[in-house]
Amino acid sequence: MINFKPLISNYEYFQIVKPLGKSIHLKAGETVKAEVIDILPTGGVVLRMKGGMLTVQTEIPLQKDTSLLLKILNSPSTDHKLKIQILGVLGRDNSLQFLNIQQEKIKDIISLVSSSQTLKETLIETLFSFSKGGDITQKERSLLAQLLSGILKNESITLPSIFKNIFPHIKDLTPEKLKEALINSGIFFENKIKKRKFTDLENDLKKILLSKKDISSEEKSLLKEIESYQVLSKLTGGIFSYIPVLWEDLERGDIFMKKGNKGKNVYFCRIDLDFKSLGKVFTGIFLFGKDLYLNFYVENEDLKNLINNETEELRKELTEDFNTVSIKFLKDIPEERKFIDEDFLRIEV
């Protein structure tokens, strides 16, 4: 389970007492993982981190044999002495406890969790369990979605060649084939069972993976990815999926679709692509009734010019079905939270 604690002054900080034995090199700004080795009668806590031991003083009730996610801070108010901030606790039962997760901490947690496959799997498992039932605020839901999305974007997704009969190749892609591939991506596996659509399970990727007696490490990793997207879909109230398309140059691809809560007939789709040779391509599609807005961010200048040269032709084709068609190019990729929080209209171009 993932738990939250309210912020109390100095409650989430450690006071460094002394290093034990081997010296530890810490620098402001880094995030580290530490193990709780011992709890002293004086209230001190002995930590193992970065190959050495450190004694700290804290009011946080910690247990031996647990792990901590820590951020090293530089505090000008204490003559630039280092200060340790605790981001979360990894329990002996593999539960994750975040202390007052905030927007400014997300990047730190993403950096740390992404560096450890064990931490990543623990986060996904606890979030997957948590998303089935849990009472959290909309703000906490949004922050957890940003956290998980950020961790996922640090890794590439490889579709094993054995699934080429399920997913189309990019050269053969049509709207109908993309829809069918998304339905069979595994994201809707439990939903199909709940609605008793058993005939739709035949080519469902999650069903195929769960049915295998011998599952490879590659397939096991893919199953974890699918469950991560299921959690993201639950947290955001939309459909969050990897791009279920065979595409040789594609390092990573995500698609997010959602019906807006802030207006009638408002829909949004975001597509993130990361190519090995061409870099990042972002597309934001906004539908407000009969008005369509397309935003592009293209990292590669040659590709950007190529797409830009075709925008007028695209606009002409789309005006046959929509009253207004707006196509713009963004200077930067918009922040993740603006989409998760449905802050679509504040995106700057």
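## Ground rules

Residues are numbered from 1 along each chain as its sequence is written, and side-chain values use heavy atoms, with hydrogens and water left out. Since the model is predicted, local features need pLDDT of at least 70 and side-chain atom pairs count only at pLDDT 80 or more, while totals for chains, interfaces and linings use all residues.

## The open sheet

Let's start with the strands (DSSP runs of E, at least two residues, numbered from the N terminus, as are helices, which are runs of H or I of at least four residues). Six of them build an open sheet with mixed pairing, in the order β9-β10-β11-β12-β13-β14; two strands pair if DSSP finds at least two bridges between them. The edges belong to β9 (239–242) and β14 (324–329), each with a single partner strand, so one side of each has no neighbour in the sheet. On average, neighbouring strands here are turned by 10° against each other, direction ignored (axes are lines fitted to C-alpha atoms, for helices over the stretch in contact, and angles run from 0 to 180 degrees between N-to-C directions).

Within this sheet, β11 (residues 266–275) and β12 (residues 279–288) run antiparallel and are joined by 10 bridges. Aspartate 272, for example, has phenylalanine 282 in β12 as its bridge partner.

## Two nonpolar cores

A nonpolar core is a set of buried Ala, Val, Leu, Ile, Met, Phe, Trp, Tyr and Cys residues joined through side-chain atoms within 4.5 Å. The largest one has 40 residues, and those with the most contacts inside it are Phe167, Leu205, Leu222, Tyr229 and Tyr242. Elements that each supply at least two of its residues include α7 (217–236) and β9.

Beyond its neighbours within four places in sequence, tyrosine 229 has contacts (heavy atoms within 4.5 Å) that include Phe240, Tyr242, Arg252 and Asp254. A second, separate core of 19 residues includes Ile24, Leu62, Ile72 and Val89.

## Salt bridges

The whole structure holds 10 salt bridges (a side-chain nitrogen of Lys or Arg within 4 Å of a carboxyl oxygen of Asp or Glu). Glutamate 190 and lysine 206 meet in one of them at 2.7 Å, N to O. Glutamate 190 lies in helix α5 (residues 189–194) and lysine 206 in helix α6, so the pair ties together parts 16 residues apart in sequence. Lysine 206 is buried at 2% relative accessible area, whereas glutamate 190 is partly exposed at 35% (buried means under 20%, exposed over 50%, partly exposed in between, with a 1.4 Å probe and protein chains only).

Another salt bridge links aspartate 254 to arginine 252, with the closest N and O atoms 3.3 Å apart.
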